[in-house]
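Dear colleague, the following note is meant to be read with the sequence and the structure at hand. Its points are numbered so that each may be checked in turn.

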Amino acid sequence: MLEGDLCIVGAGAAGITIARELANSRLKVLLLEGGGFDFDPQMQELYRGEIVGQPYYPLQAAALHYFGGTTNHWAGWCSTYEPIDFEKRDWVPHSGWPITRADLDPFYARAQKVLDLGPYKYDAADWKNGDADRVSLLSDSRVVWTKMWQFSPPTRFGTKYRDEIVNSPNVHLYTHANVVEVEANDELTAVRSVRIRTFDGKEYRARANVFGLEGNGASFIEDGASGQSSISADGRFIMFGSNANDLVGRYFMEHFEMPAGELALANPQTTKTKLYALDLAKGTPRGELALSPAAQRENRILNGTASVESGTYGEAVKSTFQFIDTTMLNAMRTWEKGGKKGPHPIAVALGATATAPPTKGPPRFYHLTTRQEQAPNPDSRVTLSAEKDALGMPRARLDWRVTPLDKRSMRTFYQLLGREMGRTDTGRVQIKDWLLSDDLTWPSFISGGWHHMGTTRMSADPKQGVVDANCKIHGLANLYIGGAAVYPTAGAVNPTLTLVALSLRLADHLKATV
Amino acid sequence: MKQVTQSANSSMTLDRRRFLQLSALGIAATLADAACSADNRGDTAVDRPQLLAMLGPERVRQLGAHYRAATPSENSAVSLRAAISNGHGLRIPLIGNASLDAQIRDDFAEQRTVLVDGWVLSVTEARQAALFSLAPA
């Protein structure tokens, strides 16, 4: 029996962030990690799941099951959610967070340091870097603006923060400790302990006053057959109490990441696009064209952005899932483990697929790739598969579903972008054929960004959300969830910066209350 | 063969409706005021779309053909010139590129746009492309 004041299940970005915040405090912190310190195929196999509904990336390749979690292969893209992302929007069913962007601002600023980013500045004007060519397109538009990204090195939590965690006097890390059950008290009002199982069949228990579960959105599952909730921390499915409001596992969301248009510049000699260039080697902050809040309201559509990358008109552009296949993932791991010698594998692949520019001088054609939130959808969900894993636990069954609003939003965004480009005589936009078809049909290359969100959504109302504004599960006195699974809406941009900010906020709450 | 997108969503339907309205007005103007028809003006700016520099003659010709195929009522130089002239508002002769450029910018600002082969075009420049496609290659 392990005993502590606080038990954190899962040592990914959220779990490690919270553990670091509580290091050197008066609390005895147990940190349980299912994997070890390195990639282990047997451990990773536990993440394999069943895919139904829309095509999806293999789950065992989307997230990583060892110390540091998915930060061991994330790309480092960081940007903030906008104030409108937190608001209840009457045209987006089930939208609205119980916190605001202002609530999160101080934690965003702290998260910048955790992720080795620059100053907490995301205005395009802040990132001119003394270069007159780094200016915004469509700067006078009230429809489109430039949203900035910063790039983490990317910070590998498992490497960077390992010694700090291991050497902490009050944080006790246990690896290969897969939690398989959360054990509640008889009244089902609080968690008493968690049960741990190893591959050789041994079982242990960890007891604490407060528990924090880390998990991605694919890990939180409702078992319709038994009526129990299965909540996974670090990929493991653990049973607890009832799921009276039938919310756990629902509202699975992704970010659409798909090629959706082409841009032809009217005057490539004078139009400055440097701000939008992707420099993987230097990690220079870059912009994407984004839909303004006013345009979202007027057109009743979702939030989204479009990257602007030079290319040859007509050449094939892959979606994220197509481009970063498992071969590319392995190449990236090898490149990084080898000390990042030579060009980045993505740069190599881009160079191999690009065709020669038709003319000399600045490029005229640019590929536009969408990054867009998915509307919360209760029918998009994760349930339990009948198949069991090596620990005897049911695997995840992902039924990713999208709505007409998702596609209509994307198409409307490109229409608006096309009009703004024409109005300002910046250029012309072509919308891809697949986006012009009906709202229900999606191409085979439908793609997300491996961002699993929403399956334990946050709401002040227990009937609308699994956790409250402090990430505590409604109805349980001492069980918290950290991770993107608590997001009620997905925002337009990648989730990690917000995830770390929320983890810092949760850590502050735990410091004050445990 | 690609077609002009007609009604992929409500917003596009609006475009299409506006476009048809403009077409009808253009034809009416031609019939009522043949003397003002731009057909005899020899106005090279009208059938030399700004799009040429962006997309090249081959692609512009294809776009023009798509436009004419989707809008049979404008499948002639006479009707296209009339529609462009009518779209100018005052039906004064179009002189030079500056006037046309302004008309195109106004089209975009006032949502007089059409989708041709997925390109978001001003209705004026779509008609210009159609005119261009009627000229010998």
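1. The note begins where two chains meet. The side chains of Glu125(B) and Arg428(A) form a salt bridge, with 2.7 Å from N to O. The rule finds 1 salt bridge across the interface of chain B and chain A. It should be kept in mind throughout that this is a predicted model.

2. Which elements of chain B give two or more residues to the side that touches chain A? They are the helices H1 (10-32), H2 (51-70) and H4 (96-109), together with the strands E1 (113-116) and E2 (119-122). Of these, H2(B) gives the most, with 5 residues. Sorted by class, this side of chain B holds 13 nonpolar, 7 polar and 6 charged residues.

3. The extent of the interface may be stated in several ways. In terms of contacts, 26 residues of chain B touch 25 residues of chain A. Interface size is often expressed as the accessible area that is lost when the parts come together. For chain B and chain A, about 2100 Å² is buried between them, and 55% of that area lies on carbon and sulfur atoms.

4. Chain B itself deserves a brief description. Chain B contains 5 helices and 2 strands, and their order along the sequence is α-α-α-α-β-β-α. Of its 137 residues, 53% are buried. Among the contacts in chain B that link residues at least 6 apart in sequence, 68% join residues at least 24 apart.

5. Is Glu262(A) buried or exposed? Its relative accessibility is 2%, under the 20% limit, and therefore Glu262(A) counts as buried. Glu262(A) belongs to strand E15 (residues 255-265) of chain A. Its side chain makes a polar contact of 3.0 Å with the side chain of Lys432(A). Beyond its neighbours within four places in sequence, Glu262(A) has contacts that include Arg428(A), Tyr313(A), His367(A) and, from the other chain, Trp119(B).

6. Attention now turns to the aromatic residues. Over all chains, the count comes to 25 aromatic pairs. In one of them, the ring centres of Tyr57(A) and Trp450(A) lie 5.3 Å apart and the planes stand at 80°, so the pair is edge-to-face. Tyr57(A) sits in the loop between strand E4 (50-53) and helix H3 (59-62) of chain A, while Trp450(A) sits in the loop between helix H13 (433-436) and strand E22 (479-482) of chain A; the pair therefore ties together parts that are 393 residues apart in sequence. Tyr57(A) is buried, at a relative accessible area of 5%, whereas Trp450(A), at 22%, counts as partly exposed.

7. A further pair is made by Trp434(A) and Trp442(A), which is tilted, with 6.0 Å from centre to centre and 35° between the planes. Trp434(A) is buried, with a relative accessible area of 12%, and Trp442(A) counts as buried at 11%.

8. How do these residues belong together? Tyr57(A), Trp450(A), Trp434(A) and Trp442(A) are among the members of one aromatic cluster. Other members include Tyr56(A), Phe252(A), Phe256(A) and Trp400(A).

Terms used: Residues are numbered from 1 along each chain as its sequence is written. Chains are lettered from A and ligands numbered from 1 in the order in which they are written. This is a predicted model: local features need pLDDT of at least 70, side-chain atom pairs count only at pLDDT 80 or more; totals for chains, interfaces and linings use all residues. Side-chain values use heavy atoms; hydrogens and water are left out. Helices (H or I, at least four residues) and strands (E, at least two) are DSSP runs, numbered from the N terminus. Buried means under 20% relative accessible area, exposed over 50%, partly exposed in between (1.4 Å probe, protein chains only). A polar contact is a pair of N or O atoms within 3.5 Å; within protein, one must be able to donate a hydrogen and the other to accept it, and residues adjacent in sequence count only if both atoms are side-chain atoms. Contact means heavy atoms within 4.5 Å. Buried area is the accessible area (1.4 Å probe) that two parts lose on being put together, summed over both. A salt bridge is a side-chain nitrogen of Lys or Arg within 4 Å of a carboxyl oxygen of Asp or Glu. Ala, Val, Leu, Ile, Met, Phe, Trp, Tyr, Cys and Pro count as nonpolar, Asp, Glu, Lys and Arg as charged, and the others, Gly among them, as polar. Rings of Phe, Tyr and Trp (its six-membered ring) pair if their centres lie within 6.5 Å; planes under 30 degrees apart count as stacked, over 60 as edge-to-face and the rest as tilted.
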